[in-house]
Amino acid sequence: MKKYLGESALLLNTLIWGGTFALIKNALTDISPLLFLGIRFFIAAMLLYPFIHYTLKKMDKNTFIAGSVLGIFYFLGFATQTVGLNFTTATKSGFITGTFVVIIPILQTIIERKKPKWYNIVSIVFVMIGLVFLSSRGDNLFQFINELGSDFNIGDFLTLLCAILFAFQVVYVDVFTKKYDYMPMVFIQLVITGLGGFLGSVILSGVGLEIIKFTLNTNVVFAIVYTSVFASIIATILQLKFQKVVTPTKAGIIYSFEPIMAALLAFFILGEKISKFGMFGGVFILIGLLLSEILENRNEQTK
């Protein structure tokens, strides 16, 4: 029962994270990306603090270090993805970021000495096929394959680095939440990501990679409120509380639902078209998740 509750919580996270795409896309015309990141996570940390300040007083050194490690991976993942988008296309960025579903089992084997099950590998293959289709924004798959095979530039490298960093975060969530109280780690992760956003904004502005801009309007306020409360506080709590009952590889497969949620919400909120290949991609990702669940249950019953 705990496993199903955990999987349901992580699936809810993909809906929450998917909802950020349309809101942030509207807001970023009036606020620079890393500044938005800093404000979002700093507000989230301040909103959470009154509810856990007694818990923070009891926090030991190891819990603080664990939360800091998660925060560093989380921030660097966001930062490399954001900067990478300045040099590559959104299509390639979406696909390369999604490859973290393949990187997670590799890191889990190295860090936790746990090899993925054969049915997880089968599921990952379906998910990757789904990501290829989902990343093809038009109705011509060959155009996407051609784009994917074009020159590998600095933006693609940074986005690949982003996928690796997010994969590290997912695996270390599994490691740390089995040892330490998750709530202090949630707070530390929020604080470090927020501070990293402010610092990164200043640094990138200094080297000319990001122009600091901030116009307070309805789009910006709504995006900050939603991402601070739902996508930062609630989603981070759900991840650190429930991912420990789900393997990192299975969590990665579940998280691959995020682009599907993003595409659906962008369709309803922004009126963006979902291509035929995008629909096929969603079906393949769904098949990957269902296969993982069905084959995992069958494997447990035969033990």
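Tyr180 is partly exposed, at a relative accessible area of 22% (buried is under 20%, exposed over 50%, partly exposed in between, with a 1.4 Å probe and protein chains only). This is a predicted model, in which local features need pLDDT of at least 70, side-chain atom pairs count only at pLDDT 80 or more, and totals for chains, interfaces and linings use all residues. Residues are numbered from 1 along each chain as its sequence is written, and side-chain values use heavy atoms, with hydrogens and water left out.

**Aromatic rings**

- The whole structure holds 16 aromatic pairs (ring centres of Phe, Tyr or the six-membered ring of Trp within 6.5 Å; planes under 30 degrees apart are stacked, over 60 edge-to-face, the rest tilted).
- Trp118 and Tyr119 form an edge-to-face pair, with centres 5.8 Å apart and planes at 75°.
- Trp118 is exposed at 53% relative accessible area, whereas Tyr119 is buried at 5%.
- Phe176 and Tyr180 form a tilted pair, because their planes lie at 40°, with centres 6.3 Å apart.
- Phe176 is buried, with a relative accessible area of 11%.
- Ring pairs join Phe73, Phe168, Tyr172, Phe176 and Tyr180 in a cluster.

**Charge over a ring**

- The charged end of Lys241 sits over the ring of Phe242, 5.5 Å from its centre (NZ of Lys or CZ of Arg within 6 Å of the ring centre and within 35 degrees of the ring normal).

**Helices H1 and H10**

- The axes of H1 (residues 2-27) and H10 (residues 218-242) come within 9 Å and cross at roughly 160°.
- H1 is therefore roughly antiparallel to H10 (angles over 145 degrees).
- The contact of H1 with H10 has 20 nonpolar residues, 8 polar and no charged (Ala, Val, Leu, Ile, Met, Phe, Trp, Tyr, Cys and Pro are nonpolar, Asp, Glu, Lys and Arg charged, the others, Gly among them, polar).

Notes: Axes fitted to C-alpha atoms, helices over the stretch in contact; angles between N-to-C directions. Helix = DSSP H or I, 4+ residues; strand = E, 2+ residues; numbered from the N terminus. Parallel < 35°, antiparallel > 145°, perpendicular 65-115°, else oblique.
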